[in-house]
Amino acid sequence: MNTFWSHINGIKLTVALVAGVCLFSFSISAKHLDEFTCPNFEIVSNVSGNIAINSIYNSGEGGVFVPTSVSWYFEGAATILGEAPTLVLENLDKGTYQVCVDYDAPTISGEGSCIETICSTFEIEQDFTSDDCDFLDCVFPGDTDNDFQANVYDVLPIGRYFGEVGLPRTGESYQWEGLDAPDWGITTSEGVDLKHVDCNGDGIIGMEDIVPIMMNYHNKNNPPIATEFPINTPNISISFEMDSVNIIPDENQYIPIRANVYCASHNLTLDDLYGIAFSLKMNFDFILPGSVQVDNTRSSFLGDSDEIIAISQRSNTDLLDVAISRINRTPVSGFGRVASIDFTIIGDIVARSIPPSEGHIYFPIEFDGLKAVNLSGQQLDLRPVNGSIKLVKKTSQVGNPKFKSEIDIFPNPSSGNLRISLPDGMALTSYSIINFEGRPVQNGELISQHSDISIDNLSNGVYFIRLTSNDNTYVEKIQLLR
Ligand SMILES: [Ca+2]
Ligand SMILES: [Ca+2]
């Protein structure tokens, strides 16, 4: 069995490394309903070795319930699942194995139980021991540091080992699954074989190895930022190019903002910086979707564009992740700008969030995770200094309040339908619905002053609707909630 996964007769076999040994777990997926022969029952969520979610939908009686017991058998030896059950199998020989899963679930009307057993076989095609196990060291494409997540911190090893060559892996999958790959015999300073850093498996560590990271990007657990630092720790700071901007309500304003990330200073320099990765926390509700750009090529402290690899990725509702690493084995020392963050603020959305009693609001950008390394991968101390810009509400006589305030979009939150009412005399308009990553997910025309549009094919969440008429644009945040 050279692949990590095996689907056989509805039982999905997973092999993973847990605490240094191979762990087998099993799950039954809902797409194999024909395997489950109890009348009128349908499995709606996975039942797996780590069983916490065993709900079964009774399609005949209309309800969801939880099996009273689930047990599973491996080669005839019964193992009853406990609260956090796992079955650890070591030193498996080649051969064919059988796995069975039993259910005992009450019907929702209380008329007896549905008792069912599903069996499956799988094959191990090679000797498989805990000492010499290909599965122990499977490559998950994009996870260069082998922590089972692909994220911004996985860019740093690519920069540090850029240009190294080794054995390619067979197949061209970038799927997020454990792939068998031959060891290169060279490890990072953290002890990870370089085959993990070769994300795309072509046998060379290069620019393309970023692609699987982006494809398999995970919301991550950021390393905590220290609060105590040694004396003379240089800063990494956010600084906005303006201290404040004026927001004029109903003016349909789109305001470009630039914040710079600076590393160290003339008085307190940083030595031997090679790569840096960080997360910035900010309020994306105020930001025009798709407008965020990270510029790390413009006379950056870390080097010109041909000397670095870099990614930026929005990883959560309020986080922007950035990684920049050099690639030529030569670190930099001194101080300077690491990156610029450019984005556009939607004036009207800001204006509505400013309390009348205050007249202004602060828009902060804060560090949420940070890792700076030298060429050997050792972490360098940097003291994060957050920044903010003041958004001040100004009144104005100018503007086009008709276009603004008389557009009505309701209900909001919506359960799948929206009515958009335009003021009398307003030209017909096209609309676009944009997800929080800035991608348009639905477009159309508004054919009357009161148009009903269905957004029922979208999943629950926050979106922006953008109405365009002549040269005017109107953006409103909407929520889909069923
Ligand atoms: Ca990782
Ligand atoms: Ca590669």
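Colleague: What average pLDDT does the protein chain have, and what share of the residues score at least 70?

Modeller: This is a predicted model. The chain averages a pLDDT of 77, and 66% of the residues score at least 70.

Colleague: Which elements have the lowest and the highest mean pLDDT?

Modeller: Strand S1 (residues 5-8) has the lowest mean, 39, among the elements of the chain, and helix H1 (residues 155-160) has the highest, 98. Residues 27-34 have a pLDDT below 50, and this stretch has 19 contacts in the model beyond near neighbours in sequence. Residues 397-403 are also below 50, with 11 such contacts.

Colleague: How should I read coordinates where pLDDT is low?

Modeller: Where pLDDT is low, the predicted coordinates should not be read in detail. Apply that to residues 27-34 and to residues 397-403.

Colleague: How many helices and strands does the chain have?

Modeller: The secondary structure comes to 4 helices and 32 strands. The chain has 482 residues, of which 30% are buried. Take the contacts between residues at least 6 apart in sequence: 68% of them join residues at least 24 apart.

Colleague: How do strands of a sheet pair?

Modeller: They pair through backbone hydrogen bonds, either parallel or antiparallel. One case here is an open sheet of 5 strands, in the order S18-S22-S15-S13-S24, with mixed pairing.

Colleague: Which strands stand at the edges of that sheet?

Modeller: Strand S18 (293-295) and S24 do. Each has a single partner strand, so one side of each is left without a neighbour in the sheet. From one strand to the next, the twist averages 15°.

Colleague: Which way do S13 and S24 run, parallel or antiparallel?

Modeller: Strand S13 (residues 235-240) and strand S24 (residues 383-385) run parallel, joined by 3 bridges. S13 is also joined to strand S15 (residues 254-263), by 5 bridges, and these two run antiparallel. Ser237 shows both pairings: Val385 stands opposite it in S24, and Tyr262 is its bridge partner in S15.

Colleague: What about S18 and S22?

Modeller: S18 pairs with strand S22 (residues 336-346) in the antiparallel sense, over 3 bridges. Asp295 stands opposite Ser340 in S22.

Colleague: What is the strand order in the sheet of 6 strands?

Modeller: The order is S14-S25-S23-S17-S20-S19; this is an open sheet with mixed pairing. Strand S14 (244-247) and strand S19 (308-316) are its edge strands, each pairing on one side only. The twist averages 20° from one strand to the next. Within this sheet, 7 bridges join strand S17 (residues 275-281) to strand S20 (residues 319-326), and the two run antiparallel. Ser279 stands opposite Asp321 in S20.

Colleague: Where do the side chains point in a regular strand?

Modeller: They alternate between the two faces of the sheet.

Colleague: Which residues have the most contacts inside the largest nonpolar core?

Modeller: They are Val155, Ala277, Val322 and Ala323, in a core of 62 residues. Domain 2 (138-218) and domain 3 (235-393) both give residues to this core, so it lies between them. Ala323 touches Val152, Val155, Leu156, Ala277, Ala310 and Ile311, not counting residues up to four places away in sequence. There is a second, separate core of 11 residues, which includes Leu418, Tyr431, Tyr463 and Leu467.

Colleague: Why does Pro364 count as partly exposed?

Modeller: The label comes from counting C-beta neighbours. Pro364 has 14 of them inside 10 Å, so it counts as partly exposed. Pro364 is in strand S23 (residues 360-373). Pro364 and Gly387 are 23 residues apart along the chain, yet 5.7 Å separates their C-alpha atoms. Leaving aside neighbours within four places in sequence, Pro364 is in contact with Asn386 and Ser388.

Colleague: Is Asn417 buried or exposed?

Modeller: Asn417 is exposed, with 12 other C-beta atoms within 10 Å. Asn417 lies in strand S27 (residues 417-421). The C-alpha atoms of Asn417 and Ile453 are separated by 5.8 Å, with the two residues 36 apart along the chain. Beyond its neighbours within four places in sequence, Asn417 is in contact with Asp452 and Ser454.

Technical notes
Residues are numbered from 1 along each chain as its sequence is written. Chains are lettered from A and ligands numbered from 1 in the order in which they are written. This is a predicted model: local features need pLDDT of at least 70, side-chain atom pairs count only at pLDDT 80 or more; totals for chains, interfaces and linings use all residues. Two strands pair if DSSP finds at least two bridges between them. A nonpolar core is a set of buried Ala, Val, Leu, Ile, Met, Phe, Trp, Tyr and Cys residues joined through C-beta atoms within 7 Å. A residue is buried if 20 or more other C-beta atoms lie within 10 Å of its own, exposed if 12 or fewer, and partly exposed in between; C-beta atoms are placed from the backbone. Domain bounds come from an automatic or database domain assignment. Two residues are in contact if their C-beta atoms, placed from the backbone, lie within 7 Å. Axes are lines fitted to C-alpha atoms, for helices over the stretch in contact, and angles run from 0 to 180 degrees between N-to-C directions. pLDDT is the predictor's confidence in each residue, from 0 to 100.
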